[in-house]
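These are my notebook entries on a two-chain model, written while I went through the coordinates. I wanted to see how each chain is built and how the chains meet.

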There are 2 protein chains.
Amino acid sequence: MEIKPYVIGLDLGGTNSVFGIVDADANIVATTSLKTKGHQSVEEYVQCCTKALAPLIEQVGGIDKIHGMGIGAPNGNFYTCNIEYAPNLEWKGIVPLARLFSEALGVNVVVTNDANAAAIGEMTYGAAKGMKNFIMITLGTGVGSGVVVNGDLVYGSDGFAGELGHVTVDYSEDARPCGCGNKGCLEAYCSATGVARTAREILSKCNDESELRNIPLENITSKDVSIAASHGDKIACEIYQFTGELLGRTCANFTPFSSPEAYIFFGGLTKAGDLLMNPIKSAYDAHVMKIFKGKAQMLFSKLDDAQAAVLGAAALAWKV
Amino acid sequence: MEIKPYVIGLDLGGTNSVFGIVDADANIVATTSLKTKGHQSVEEYVQCCTKALAPLIEQVGGIDKIHGMGIGAPNGNFYTCNIEYAPNLEWKGIVPLARLFSEALGVNVVVTNDANAAAIGEMTYGAAKGMKNFIMITLGTGVGSGVVVNGDLVYGSDGFAGELGHVTVDYSEDARPCGCGNKGCLEAYCSATGVARTAREILSKCNDESELRNIPLENITSKDVSIAASHGDKIACEIYQFTGELLGRTCANFTPFSSPEAYIFFGGLTKAGDLLMNPIKSAYDAHVMKIFKGKAQMLFSKLDDAQAAVLGAAALAWKV
């Protein structure tokens, strides 16, 4: 089959949908974005996307120059190419996203979940270039993951493997509820929303001074914590310490599964830098089984947040 | 390369070493065994093995009829073909087992860990026949595992992947110490030694009647618990309930990694049957993430304990 010169990558997030037209050397030659929310139906969303994409496609010489399209989306299933029961999207149930885009654009379309797309981006162009075994952990609104074993994404028996944000890290009665319906999931602690909740919990349990006390407790976001930490605020630093420790300890529990050569952390929370990375590393070292000690690198993604997901989705499209 | 008609499989356990000469249809045509312990050195062990194997090899027409040898051993590393730092063996450090057997017998030898060998046996001849994604959990003196993704054993970056007996299931201060040096590992609770310890803990914390009270507390073994349970002893049943619940809950935490189509439990503890399986299933269902509910089968191995490991090791040998 002839390989055409461009692919379309779509990073479909809960808030924004970012498109890139990408060439074989991973250059994003054209890009556009629109809101994911607020469309009457998924059909109307696809219509808006197609309209937004039209000038970009013209720019590279028309749809005949497009080899295919790859989509990274929450609960995107690589096997069915549907989005299935995504709690953070407005479209409920099973959404045949690949079919809709394929019919609208006239090219083959493949779907995977957003964290898997980021892992493929990282493996193809980023910190995991050349690695055969690594685990990508995305720390955004939620916690996602992509597990790579022997150079391949692990999709499992049903296409949903790699949901490490939903391993239980706290089995106690008062464990935090998670959006997935369970309690005590990693995501309930180590996501942006988890960090905000940790802030509220720590602030209400002590009287120590903190610039976070200038914000009404219910309004504190992970961004506020990040700003306070950058000013050296003690409570804010303690919040990252708690988050990083829990993350490092939990990664130590992932290692006996696939013994990765690296963990790659990606997403908004990683902007905290060493405030997050230092407790990740020390908790990981303290808990990982002796035969694995000192083996896995702990890395932050080298790719721009938006780019990794778009490039990963695009990389998928070459294989359709 | 010409494929010769037989392979040698060795299931090297902490106590016994079981050999089988296996044909291409997975028939064990000859078998022998000897004690693993009590040899002056690994070299002497290999010498004794070679001597014990000689009449079996003659029986099938001599070493020219042997295609190769596969070994399943604790801490056996598929990449290096060494045994590395096995806590339950007398040989310390790195043991070049494949090289020693290869020099002694004049055939190619490959090594993997005992649980991986059992998983290969199960996939080739047992309950996992035809499955591409499953997790084998061996419940013996320790807890071992073999993770199969896309039809292949997961060896990870260093050959040691699949050590699920050493995920931490209890982070509390008074978590049980584990032979690996860590605390709170699955193995410290759900192995034969873990079951004996649970028995001692439950018996010392209550005054309920139990036939286990006829045995000095320190001498109780998992076999005693099994016998008492078969008589309907309430405490013995409670011990299996505790063990199965912990195991089921922990498996629910493995599923987000590789979404297996089945868990296959193997080894001495599985003789408890439904007393163990029922709490495994109900705890798994209660804890597994919603998108995975009802998907993974919970199965006991269909293979005879000794056979699975020998056949698995033998299956490896066809690929050398």
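The entries below go from conventions to the whole chain, then to the interface and a few single residues.

**Entry 1, conventions.** I number residues from 1 along each chain as its sequence is written, and chains are lettered from A and ligands numbered from 1 in the order in which they are written. I keep in mind that this is a predicted model, in which local features need pLDDT of at least 70 and side-chain atom pairs count only at pLDDT 80 or more, while totals for chains, interfaces and linings use all residues.

I looked up the secondary structure and found 9 helices and 12 strands in chain A; helices (H or I, at least four residues) and strands (E, at least two) are DSSP runs, numbered from the N terminus. The C-alpha trace of chain A spans about 65 × 45 × 35 Å along its principal axes. For the 320 residues of chain A, a compact globule would have a radius of gyration near 20 Å, and the value for chain A is 20 Å, which agrees; the radius is taken over C-alpha atoms, and the globule rule is 2.2 Å times the number of residues to the power 0.38.

I then asked what percentage of the residues of chain A count as buried. The figure is 53% of 320 residues, where buried means 20 or more other C-beta atoms within 10 Å of the residue's own, exposed means 12 or fewer, and partly exposed lies in between, with C-beta atoms placed from the backbone. Of the contacts in chain A with a separation of 6 or more, 65% join residues 24 or more positions apart; a contact requires C-beta atoms, placed from the backbone, to lie within 7 Å.

Chain A is divided into domain 1 (6-121 + 306-317) and domain 2 (130-301), with bounds that come from an automatic or database domain assignment. The C-alpha centres of domain 1 and domain 2 of chain A lie 27 Å apart, and their contact takes 15 residues from domain 1 and 16 residues from domain 2. On the domain 1 side, the largest share, 6 residues, comes from helix α3 (residues 114-125) of chain A. By class I find 8 nonpolar, 6 polar and 1 charged residues on that side of domain 1; Ala, Val, Leu, Ile, Met, Phe, Trp, Tyr, Cys and Pro count as nonpolar, Asp, Glu, Lys and Arg as charged, and the others, Gly among them, as polar.

How many residues does each chain give to the contact? Chain A gives 33 residues and chain B gives 33 residues. The elements of chain A that give two or more residues to this side are β9 (143-149) and α7 (234-258), and α7(A) supplies the largest share, 4 residues. By class, the side of chain A that touches chain B has 15 nonpolar, 12 polar and 6 charged residues.

The same surface serves both copies, since 100% of the contact residues of chain A recur in chain B.

The 25 residues of α7(A) should span 36 Å at 1.5 Å a residue, and the end C-alpha atoms are 36 Å apart, which agrees; the expected span is 1.5 Å times one less than the number of residues. I note that α7(A) is mostly covered, with 18 of its 25 residues buried, and that A:Ser259, which follows α7(A), has a positive phi near 35°.

B:Lys234 counts as partly exposed because it has 13 C-beta neighbours inside 10 Å, and, not counting residues up to four places away in sequence, B:Lys234 touches B:Asp208 and B:Ser210.

A:Tyr79 sits in the loop between β4 (66-73) and β5 (83-84) of chain A and is partly exposed, with 13 C-beta neighbours inside 10 Å. Leaving aside neighbours within four places in sequence, A:Tyr79 is in contact with A:Tyr155 and A:Gly159.

Notes. Contact = placed C-beta atoms within 7 Å.
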